[in-house]
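Open the model in your viewer and keep the selection tool ready. The tour below goes stop by stop.

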Amino acid sequence: MSAFQDPLAGDGRHADEADETTAPVWSVFGDLMAGLVGAFVLVFIGVLLTQVDLVNSLQAEIEKRQQEEARRMALEKALAVPLASGRITLDNGRIGISGSVLFDLNSARLRPEGEQLLQALVPPLRVYLEERDDMLMVSGFTDDRPVSAGNTQFRDNLDLSAQRALTVTRTLITQGMPRSRVFSAAFGAEQPVASNADEKGRALNRRVEMAPVPRARPAAAAARNPATPSS
């Protein structure tokens, strides 16, 4: 009996060994596919989130530009009369007034023509600022020529531009602009709008600009200046 072997028993043993060899291969392959699918899902989610962020950023930029355009158009409407007369300019929300309209050369004393112009600007500017809760920044600028040697009133162009900005600010307040709505800034010969190589360019640089700016909000102010704990 030992000389004979059951062929079915032998085939079953070989089949079991083949199954044991094949099973780990398929298990590894399945794990690999699961990992690839998981990686693909993560990449897809990352791309999707990036696209969402881009869409949100684009939408925010569109809304910002729409708001800026609406503000520009509202300001143009408020200042339609002086703009039409050519007494002022409006560029990107900045109201420009030639220095020769407001002041004599090397002087911070307001000319009658300049005082009348500022008086006409106060009512529309006041309405515009109050509707948006904005403030008005009055900035003084000069050309790059030093103040005249015989002029002892101003130390330099920065001083001259500061005094001119203050004169305009005080005049606006006198004509009805609330003090809480206006403040001054001085730039001297910095930020020219034309070349100082000739008189035409220098005349353009001698100017006063007024620009509506957002009022500082309490939350923003608190974030910039956090309260110090009491000792």
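**Salt bridges**

Eleven salt bridges are counted, a salt bridge being a side-chain nitrogen of Lys or Arg within 4 Å of a carboxyl oxygen of Asp or Glu. Side chains of opposite charge can pair when their charged atoms come close.

Two notes before you select anything. The model is predicted, so local features need pLDDT of at least 70 and side-chain atom pairs count only at pLDDT 80 or more, while totals for chains, interfaces and linings use all residues. Residues are numbered from 1 along each chain as its sequence is written, and side-chain values use heavy atoms, with hydrogens and water left out.

Select Arg132 and Glu131. Their side chains form a salt bridge, 3.2 Å from N to O. Glu131 is exposed because its relative accessible area is 59%. Arg132 is partly exposed, at 25%. The classes are: buried under 20% relative accessible area, exposed over 50%, partly exposed in between (1.4 Å probe, protein chains only).

Next, select Arg215 and Asp133. The closest N and O atoms of this salt bridge are 3.1 Å apart. The pair links distant parts of the chain, 82 residues apart. Arg215 sits in the loop between strand S5 (207-214) and helix H7 (218-224). Asp133 sits in the loop between helix H4 (112-132) and strand S3 (134-141). Helices (H or I, at least four residues) and strands (E, at least two) are DSSP runs, numbered from the N terminus. Arg215 is partly exposed at 23% relative accessibility. Asp133 is partly exposed too, at 31%.

Now select Asp143 and Arg206. Are they buried or exposed? Asp143 is buried, with a relative accessible area of 6%. Arg206 is buried as well, at 16%. Their side chains meet in a salt bridge of 2.7 Å, N to O. Asp143 lies in the loop between S3 and helix H5 (157-174), and Arg206 in the loop between helix H6 (199-205) and S5, so the pair ties together parts that are 63 residues apart in sequence.

Then select Asp91, Arg94, Arg207 and Glu209. Salt bridges that share partners join these four residues into one network.

**The nonpolar patch**

Switch to a surface view. Select Val37, Phe40, Val41, Phe44, Ile45, Leu48, Leu49 and Val52. They make a nonpolar surface patch of about 750 Å². Patch residues have over 30% relative accessible area and no salt bridge; like charges are joined within 9 Å, nonpolar side chains (Val, Leu, Ile, Met, Phe, Trp, Tyr) within 5 Å. Pick out Leu49. Leu49 belongs to helix H1 (residues 7-78). It counts as exposed because its relative accessibility is 51%.

**Around Pro124**

Go to Pro124, in helix H4. Which residues does Pro124 touch, not counting those up to four places away in sequence? Pro124 touches Ala78 and Leu79, where contact means heavy atoms within 4.5 Å. Pro124 and Lys77 are 47 residues apart in sequence and 9.1 Å apart in space, C-alpha to C-alpha.

**Zoom out**

Show the whole protein chain. It has seven helices and five strands. Along the sequence, the pattern is α-α-β-β-α-α-β-α-β-α-β-α. Buried residues make up 28% of the 231 residues. Among contacts between residues at least 6 apart in sequence, 68% join residues at least 24 apart. The chain exposes about 15500 Å², with 59% supplied by carbon and sulfur atoms. Accessible areas come from the Shrake-Rupley method with a 1.4 Å probe; for residues, only the protein chains shown count as cover.
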